[in-house]
Amino acid sequence: MSSVKLECISRKFVGTVTAQAQRFIGVDDISFEIPDGEFWVLVGPSGCGKSTLLRIIAGLETATSGNIYIGDRSVNQVPARQRDVAMVFQNYALYPHMTVAENLAFGMQMRGTDKSTIERRVIDVAKSLQIDMLLDRKPKQLSGGQQQRVALGRAIARSPQVFLLDEPLSNLDAGLRDSTRAELKQLHQQVGITTIYVTHDCTEAMTLADRIVVLDRGYIKQIGTPDEIYHHPVDRMVATFIGTPPMNIIPAIYQNGIWQIGDSQIACPSALVSQLQLRSGQGLDLGIRAEYLTICPNSTPDALVVTIRGIESLGRETLVKAQINGTSTIINFLATPEWIRQSGDSRQLLGTQLTIGLSLAWLFIFDPSTGRKLFPVL
Ligand code: ATP
């Protein structure tokens, strides 16, 4: 086990940069330090540099500049197989002609581990991943979930200092992904190996991570615990990337003490007007999460008038999608099953008009053109 430290890591790829494309291809000036035993998750949209960063740490890709340390050792010049890291990919990469037991043993055999230790370790690892009944099978006789567990087992069996996992669950169907995710978390709690996990699935990031690194176009946007990232996003990109459903973004125009949002008007606290030095006619993006929008009695002042466009049951709660009247903006909010029942058949609710209160205590304000957070300031 070991800490992992990245100092100003950059990797620039030569590529065609068009007006629409990202201005930087690769990763740029990435620095962070993962304490020994922590589980960190790298997230971000496709092409933001997650896999490149993981491959640089593994030694499969060379950084253009910067330093990497595993524990106290600088590994810049250390080849991949001597870095003592184990990497698991989304496509499992098991040896098809070997049995599960042989796949689990392979890494240890390559390192010259003695036969009895290998046998003991294969059994221990297989039991911890509940694949001990599959040891004699070949990969093609296993389900996707079982294959992925063998791939994880092969990495664990080597007792590496660091685990690098690149979207290891993305080939599994939804149910299996949930259960394997829970097992992975439990496994990390048991073995406590420093883990870096790449995903573009924010639920995986939120449920697995000690800390999340949000990347965007090769840069670090934010590093924080799942709670910090969810409740204190640094900008609109992070706010809308983390959380399911994503944070609602409501375009508004400030006009003489009110926010005009389509047909709705909401009083803007005067403290905010002076703090943000709002000018009449100024556009703003108001951000608020679904759970902080509430259904109010009709004609409540300072509320949004919306029309229901969709209803999705989430089990304990129902997600309602509604269009803000006078705009094309769709917002999500949550309704209790009791509210849905009292309101009649959920299909009949489509097209119904509602009044939605928006609690200013949970409001974010972003610059519409840059996405920069204007409020809250911290
Ligand atoms: P995804 O979620 O789609 O897997 P990612 O966040 O893992 O994406 P990377 O695969 O790290 O992104 O790629 C980051 C950027 O670098 C992308 O623009 C990609 O096209 C570019 N890139 C990656 N590898 C190379 C390469 N070998 N040559 C040129 N460009 C590359």
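Predicted model: local features only at pLDDT ≥ 70, side-chain atom pairs only at ≥ 80, totals over all residues.
Residues are numbered from 1 along each chain as its sequence is written, and side-chain values use heavy atoms, with hydrogens and water left out.

Let's start with Cys48, where a backbone N or O atom lies 3.1 Å from an oxygen atom of the ligand. Gly49 also uses a backbone N or O atom, at 3.0 Å from a ligand oxygen. Ser51 takes part through its side chain: a polar atom there is 2.8 Å from an oxygen atom of the ligand. On its own the ligand has 640 Å² of accessible area, and the protein covers 60% of that (Shrake-Rupley method, 1.4 Å probe; for residues, only the protein chains shown count as cover).

## The shell around the ligand

How many residues surround the ligand? There are 13, and the closest are Ser46, Gly47, Lys50, Ser51 and Thr52; a residue is near if one of its heavy atoms lies within 4 Å. Helix 1 (residues 50–58) gives the largest share of this shell, 3 residues. Helices (H or I, at least four residues) and strands (E, at least two) are DSSP runs, numbered from the N terminus.

## Two domains

The chain is divided into domain 1 (37–49 + 82–241) and domain 2 (248–375), with bounds from an automatic or database domain assignment. Their C-alpha centres lie 39 Å apart. Where they meet, 8 residues of domain 1 are in contact with 14 residues of domain 2 (heavy atoms within 4.5 Å).

Ser159, in the loop between helix 4 (144–157) and strand 7 (162–166), has a positive phi near 45°.

One runs from Thr244 to Pro245, with omega near -5°; Pro245 sits in the loop between helix 8 (236–241) and strand 11 (248–255). Another joins Phe375 and Pro376, with omega about -10°, and Pro376 belongs to the segment after strand 21 (373–375).

How values were computed: Polar contact = N/O pair within 3.5 Å; in protein donor to acceptor, adjacent residues only side chain to side chain.
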